[in-house]
Amino acid sequence: MEDRFHVYPSTDFIDLGIYQLGLENCKAGHSFGPASRNHFLFHYVISGKGQLMCPDKNGSDRLYSVNSDQGFLLLPGVVTTYIADNDNPWTYMWVEFDGLKVSECIDLAGFSRDNPVYVSHDDALRDILKAEMLYMVYHAGTAPIYEITGHLYLFLDALMRSKTHKTITPKNRLRNFYIREAISFIEEHYSEDISVEQIASNCGLNRSYFGKIFKDEVGSTPQKFLLNYRMVKASELLRQTDMPISDIAPLVGYPNQLHFSRAFKGIYSLSPRHWRNINKIV
């Protein structure tokens with residue numbers, strides 16, 4: 001297998017999106033880190049072996065041995081180091097991803113700072129996970145992003161089902177109902193001057209409790225989620241239409257174009273005009 005690497009510079013998928021993926025035949029003793037990631041990063045070991053150094057929930061470094069047909073998940077913001085074995089260095093592939101429901105899926109699968117290693121309880125499901133990752137690696141850059149994202153969903157499903165038998169509790173189902181109600185409200189009213197209090201009221205919750213369960217379930221504050229949602233919608237209009245920026249701003253909840261431009265640059269690190277010049281669909 002030859003080394004491969006592909007980056008997706010921006011993703012417009014709220015629920016689940018891909019950031020980069022690849023495959024590498026590592027040399028003996030090859031290491032990466034110490035470093036942290038902004039998103040979830042999963043490695044699957046195709047052959048060989050290596051070690052992962054990862055702090056537990058108490059901050060103490062722990063060392064894990066990872067062999068072929070196993071894997072490991074790096075959590076956002078956690079500083080880790082991983083090293084290929086000197087005698088039998090690993091070949092692995094990886095995918096970096098994130099999204100609205102990813103934190104819940106990862107929790108359900110049993111991953112945590114104390115449990116970062118992937119060991120499958122079902123060989124058939126493990127093979128599905130491996131096949132989905134290989135498909136994404138070998139079609140990155142040629143297949144449409146919607147197709148790659150579809151395979152990312154299948155990968156995540158296989159990851160969850162092959163690692164654990166956990167099910168969602170009634171408490172989680174109730175929280176999911178509130179979150180779905182909140183997101184539906186945001187989808188319908190994001191172009192209006194809505195507040196977190198209004199979103200919480202629509203769910204029948206007080207603001208503080210709503211903010212807590214939203215952060216727990218989504219991994220983001222309601223304010224940040226609303227901001228990101230508006231900017232994703234703005235990026236779609238910038239890329240797919242010739243509408244003036246002054247017309248796009250109020251469509252995503254910003255009557256003031258200057259305020260919109262500042263918010264957009266805060267997310268994408270580029271002004272709306274510059275971002276459009278790079279990403280416009282011809």
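## A walk from the pocket to the rings

Let's start with the largest pocket: helix H7 gives the largest share of its lining, five residues. Helices here are DSSP runs of H or I with at least four residues, strands are runs of E with at least two, and both are numbered from the N terminus. Keep in mind that this is a predicted model, where local features need pLDDT of at least 70, side-chain atom pairs count only at pLDDT 80 or more, and totals for chains, interfaces and linings use all residues. Residues are numbered from 1 along each chain as its sequence is written, and side-chain values use heavy atoms, with hydrogens and water left out.

Back to that pocket. Its volume is about 1100 Å³, and 38 residues line it, with Tyr19, His39, Asp98, Lys224 and Asn228 lying nearest its centre. Besides H7 (222–240), the elements giving two or more residues to the lining include strand S2 (17–25), helix H1 (102–109) and H6. (A pocket is an open set of points on a 1 Å grid over the protein atoms alone, where a 1.4 Å probe fits, with protein on both sides within 12 Å along at least five of seven lines; lining residues have an atom within 4 Å of a point.)

Now follow H6, which runs over residues 207–218. Which of its residues are buried? They are Phe210, Ile213, Phe214, Glu217 and Val218, where buried means under 20% relative accessible area with a 1.4 Å probe, protein chains only. These residues cover an arc of only 110° around the axis, so they sit on the same side of H6.

(Rings of Phe, Tyr and Trp, the last by its six-membered ring, pair if their centres lie within 6.5 Å; planes under 30 degrees apart are stacked, over 60 edge-to-face, and the rest tilted.)

The structure holds 20 aromatic pairs. Take Tyr82 and Tyr92: their ring centres are 6.2 Å apart and their planes stand at 65°, so this pair is edge-to-face. Tyr82 lies in strand S8 and Tyr92 in strand S9, so the pair ties together parts ten residues apart in sequence. Tyr82 is buried at 4% relative accessibility, and Tyr92 is buried at 3%. Both belong to a cluster that ring pairs also link to Phe5, Phe32, Phe72, Trp90 and Trp94.

Conventions:
Expected span 1.5 Å × (residues − 1). Buried < 20%, exposed > 50% of the residue type's maximum accessible area, 1.4 Å probe, protein only. Arc of directions from axis to C-beta. Points joined across faces, edges and corners; volume = space filled by probe spheres on them.
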